[in-house]
Amino acid sequence: MATLVFWLLFLGFVAAFAAQVARRVWIIAAGPDNFSFDNLPFRIKRFVFDVVLQKRTIKERPLPGLMHALVFWGFVAFGGYTSVEFLRGLGIVDLTGTAWFHLYRLALVPFASAVLIGIVFLLVRRAFVRPIALGDHVSAESIVIALFIATLMVTFLVTFRLDERTTAGAVNWWVHMLVILAFLALIPASKHFHLVASPLTVFLKSPELGNLPNLDFEKEEVGLETLKDLKSKMRLDAFTCVECGRCQVNCPAWGAGKALNPKKIILQSQEALLAGDADKKLGAIYSEEVLWQCTTCGACENQCPVGIEHLPILIGSRRGLVSNGDAPDYLGAMYNQLERRSNIWGLGYDQRTKFVQSAALETFDPAKHDVMVWLGCAGSFDGDFQKSLRSLFEILRGRGIKFGVLAKEKCTGDPAKRTGNEYMFQELANANIESLKAAGPKKIVTSCPHCVKTIGNDYRKFGYEVEIVHSSVFVEELTRGLAASPGGPAVSTDGVERRVTFHDPCYLGRYAGKVDEPRALLTRFGADIAEPERNRDNPYCCGAGGGLLFADKEEEPGSRISDVRFKQLQATGANVVVTACPFCSIMLKGAQASAGSTGEATQFVDLMTFVKDRL
Ligand code: SF4
Ligand code: SF4
């Protein structure tokens, strides 16, 4: 009789679980397929670190992350125990009397204790501490799930004290099994669906941060316009979100008080997919205003512990808007400049030519030169940044590196790509690739981190591969011997203080993962680094990316991202801010100007100039 009752309950709860999972699988499968399995070794490695070892979960929030990891590892360890108890309850086979099962049970005791500690910690944090990232209301479902998990552990530990043949022992067993079944039925409709989906999502996440595959215009692809355009991985992402808010608290736009909240974007996708209005415009789901607030800094995607990719949704939706002529006016002006003059400021090429001549730059020739230097829009036209490039040229010449530049460069297309103007991006990219192929460099050095990403990653999607490195990486290697030699470079007395702070550009620190090289250069040449809040591979954005360099400053809601960052840099107490990206430099200097007299003491120094002055 008991077996029959257990069978009925089992089938009922499993059917409830399966029906809800099937609905989600159906919705995911209905999207255009974009699951990818390229670069398997990388995916497997990331799976081991981020799923098995819970590295990403622990990294940013060490204590809550570790507590979550204890619960996860405990769950995995209990897999065999739960299966054996179900086989017994269903009357299939009883393995509970075997010697190995007794040993296994004993081995589970420390796991159960660890899960209990972990879940109580997480419950108290969620219900009473309530960090802002977890949302402004306590979800009843989370509390129920936490209590379920605690009950499971307690009812397991109690089995060591209770004889199963007694009524109390039998009740304890039934409570344990019913809680598992109820838990199963609750999973799919809650954020705990991540238990099922996240291993898959992490595995399927692109190895490239901010991966934006090219649109195929021959197939009339225009980007994401309506809900039905959301691709399979985007749909899987929507159902995987664990609502931890890591993306939210690391988003510079949200941090500066803007409406954009990457967590909300994912949850809005989930809600809309479940509601099933396939023709609903994405601009109406997320709000167009919000879609234009993203700097493409990549923090959300990089921080997410369950492999969710926000940028393909955000930029994909921008593509849809641009294809319908719905880009903001300030971008229309920038696109105009790109169209007419192939650079973001719309300046005449004679200015680049003058710079090339005045800096005595040769046209690249693979037979003569070791490397090509890519100037970028800022290097070609921005007087301030040209000083940085002159420093780089001086360092290269001083170290005997022969280099040349392209006779004519166009903008890499980064601002067009990140704002969703894929057509313009592809035009610029194809023109540059043609020139690069004709010139034939094996290695390119540039001082613009955005150019590193665009030429290094985006151009590869057209089949063009070249090694491109940021100048900080190249110069760090080039000057290594100097640091080692006795009597090497000393701190200069040029007025720049020894204590400096370094602002990691998002496209260098986060996208390219180059955080040690700039620091090695600074310390090698005598600086003491005062690290700002948000540094290395999780910097706070300067606010320029994703076309926001061109945004109408007066119309921006909330604070300016650059103002927030400038204050963080000032808070280090260092009066010297070292930058390594032309756009960071422009934004932060703008923030300094708006700070008025409180910003006056800050001095900005470009990394290449810092090094050159000390060589
Ligand atoms: S890329 Fe950066 S700015 Fe955009 S949503 Fe993510 S964290 Fe926010
Ligand atoms: S998208 Fe990722 S980081 Fe953001 S709340 Fe969801 S699970 Fe957390």
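I began with the lining of the second largest pocket, which divides into 32 nonpolar, 11 polar and 6 charged residues. I took Ala, Val, Leu, Ile, Met, Phe, Trp, Tyr, Cys and Pro as nonpolar, Asp, Glu, Lys and Arg as charged, and the others, Gly among them, as polar. The model is predicted: local features need pLDDT of at least 70 and side-chain atom pairs pLDDT 80 or more, while totals for chains, interfaces and linings use all residues. Residues are numbered from 1 along each chain as its sequence is written, ligands are numbered from 1 in the order in which they are written, and side-chain values use heavy atoms, without hydrogens and water.

I looked up the volume of the second largest pocket and found about 1100 Å³. Of its 49 lining residues, His68, Val71, His192, His194 and Leu195 are the closest to the centre. A pocket here is an open set of points on a 1 Å grid over the protein atoms alone, where a 1.4 Å probe fits, with protein on both sides within 12 Å along at least five of seven lines; lining residues have an atom within 4 Å of a point. Grid points are joined across faces, edges and corners, and the volume is the space filled by probe spheres set on them.

I then noted that domain 1 (2–204) and domain 2 (217–323) each give at least three residues to this lining. Domain bounds come from an automatic or database domain assignment. The centres of the two domains, taken over C-alpha atoms, are separated by 28 Å. Their contact (heavy atoms within 4.5 Å) takes 28 residues from domain 1 and 32 residues from domain 2.

Next I listed the shell around ligand 1, using heavy atoms within 4 Å of it. The shell includes Cys251, Cys294, Cys297 and Cys300. It divides into 9 nonpolar, 3 polar and no charged residues. Helices (H or I, at least four residues) and strands (E, at least two) are DSSP runs, numbered from the N terminus.

Last I went to two glycines. In helix H28 (residues 516–524) the buried residues include Glu517, Arg519 and Arg524; buried means under 20% relative accessible area with a 1.4 Å probe, protein chains only. Glycine 547 lies in the loop between strand E6 (528–529) and helix H29 (561–570). Glycine 547 counts as buried because its relative accessibility is 4%. Leaving out residues up to four places away in sequence, glycine 547 touches Tyr330, Leu331 and Thr419.

Note on methods:
Buried < 20%, exposed > 50% of the residue type's maximum accessible area, 1.4 Å probe, protein only.
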